[in-house]
Amino acid sequence: MQYTRFGRTGLQVPRLTLGTMTFGGQVDEPTAIAIMDAAFEGGIAMFDTADMYPPSGYPERQGATDEIIGRWLAASPGRRDDVLVATKCFFPTGRRRWESGNSRHNVIRSLDESLRRLGTDHVDLFQVHSWDPGTPIDETLQVMDDVVRQGKVRYVGCSNVLAYQLARATGRAEVLGTVRFESVQPRYNLLFREFEREMFPLCAEEQLAVIPYNPLAGGFLSGKHRPESDASGTRFESGDQGARYRERYWHERAFAAVEQITALAAEAGVSTATLALQWVLANPVITSPIVGASRPEQLADALAAERTPLDRELKARLDELTHEYRFGDAPR
Ligand SMILES: NC(=O)c1ccc[n+]([C@@H]2O[C@H](COP(=O)([O-])OP(=O)(O)OC[C@H]3O[C@@H](n4cnc5c(N)ncnc54)[C@H](OP(=O)(O)O)[C@@H]3O)[C@@H](O)[C@H]2O)c1
C-alpha cells in the first residue's frame, strides 16, 4: 500500500480508506469483521464511519456501525494504534431538535458518543457531514478547535460542502486563528464529476486533502447491474437507500457509459471496478478514495487499482467518455 500526505498536514495516510457505512445495516457483524480483516491485511489502515451509520438504521440501529468497529478494534491489543479512524457529525442522531447539526452542543455530544461506541479516546479525523446553514461557521470552527486542543480529535474535515462554503470556512479559520478543515469528503466517480470544476482547484491551491466517497457509484461502476434487474442483495435493492441510488445512477445513459467503460477495462485486462478506481486515484488532487464493500472479496478490485496506476492515454479516453458528468446537479 502506498502512502501519501494528508493535505498540507504532516500525517501520512494510505491511498485507500475503508468505508464502513454498510456495517450493521446491509452487512451483518461477522461479514463486517471479515471485511475489516481483509482491508487491514491489504494495507487499508484508515476507516471512515459516522455517528448516524448505518444510514438505513434511524433511529433503532444508529450507532451500530461504530459499535462493530469498536469490537474489531478491541479484539486484539494495540490494534487501535494500527488504524486511523475518521468519523462525522451533522445528521440527526436523536429526536430532540438540538441532536443534529454542527452547533457547539451537537459537535461535543456527537463526538463523545462516538468515542464511547468506538472504545477509543480520540479520532484521527472528525468531519462535519454536511454544511449546516443553521449554525454560524465560526461557532463550528471554534468548537472544532476546542476538541482538537482537548486531544479528542487530531484533524478536522468536512463533507458535502460547496466550494464557496469551504473557501469561506478556510478564510474564517485563518481570521479566527482556529484549526481549519484540512480535508473534504465529496462524492466523486466517473459518473459524478462536478467537483472538478470549482472544488478541486480550491483543494489544490489550499493543499486540502480529498477523500472522496462513492468512487464506484455504490457498485454501479462494477458493471454488474442491468437495467431490467431488481438488484436484490445490493445497494440498489428497493427501499429508501435503493431509491436514492437508483435516482443517482440507474439511467439509460449511465448504463451506456458503463458498457463503454467495461469495454475499455477488458482491453486493459482489468475489471470494470478496478478501472473505475484507477481513474479516481489518477487525479492528482485525490488523497485516498473511500471504498465500500458488502463482502471481503470485493476489496480485491480496489487493491488491484491501488497497485497499478492508470495509463495516461486510457485516463484521457475515460475523461472524454464521461465528460458530460462534469456538469451535474448540486450534491444531494
Ligand atoms: N459523506 C457522505 O455523505 C458519504 C456518503 C456515502 C458514503 N460515504 C462513505 O464512503 C464509503 C464508501 O461509499 P460507497 O460504499 O458508496 O462506495 P463505493 O465504493 O462506490 O460502493 C461500494 C459498494 O459497491 C459494491 N462493490 C464494491 N466493490 C465491488 C466489486 N468489486 N464488485 C461489485 N460490486 C462491488 C458493494 O455494494 P453491493 O455489494 O451492495 O453491490 C459496495 O458496498 C461509505 O462506507 C462511507 O464511509 C460518505
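Tutor: Residues are numbered from 1 along each chain as its sequence is written. Because the model is predicted, local features need pLDDT of at least 70, side-chain atom pairs count only at pLDDT 80 or more, and totals for chains, interfaces and linings use all residues.

Student: Thanks! What makes Thr22 buried?

Tutor: A residue is buried if 20 or more other C-beta atoms lie within 10 Å of its own, exposed if 12 or fewer, and partly exposed in between, with C-beta atoms placed from the backbone. Thr22 has 23 other C-beta atoms within 10 Å, so it is buried.

Student: And where is Thr22, and which residues does Thr22 touch?

Tutor: Thr22 sits in the loop between β3 (17–19) and α1 (29–41). Helices (H or I, at least four residues) and strands (E, at least two) are DSSP runs, numbered from the N terminus. Leaving out residues up to four places away in sequence, Thr22 touches Val27, Pro54, Gly292 and Ser294; contact means that the C-beta atoms, placed from the backbone, lie within 7 Å.

Student: Why is strand β5 called largely enclosed?

Tutor: In β5 (residues 84–89), 6 of the 6 residues are buried, so the rest of the structure largely encloses the strand. In a regular strand the side chains alternate between the two faces of the sheet. Here Leu84, Ala86 and Lys88 are buried on one side, and Val85, Thr87 and Cys89 on the other.

Student: How do you know that β5 pairs with β6?

Tutor: Two strands pair if DSSP finds at least two bridges between them. β5 and β6 (residues 123–128) have 4 bridges, in the parallel sense, and Cys89 has Val128 as its bridge partner. β4 (residues 46–48) also pairs with β5 in the parallel sense, over 3 bridges, with Phe47 opposite Val85.

Student: What makes the buried residues of α5 line one face?

Tutor: Leu166, Ala169 and Ala173 are buried in α5. Down the helix axis, the buried residues fall within an arc of 60° (taken from the directions from the axis to the C-beta atoms), so they line one face. The face turned away from them carries the exposed residues Tyr164, Glu174 and Val175.

Terms used
Two residues are in contact if their C-beta atoms, placed from the backbone, lie within 7 Å.
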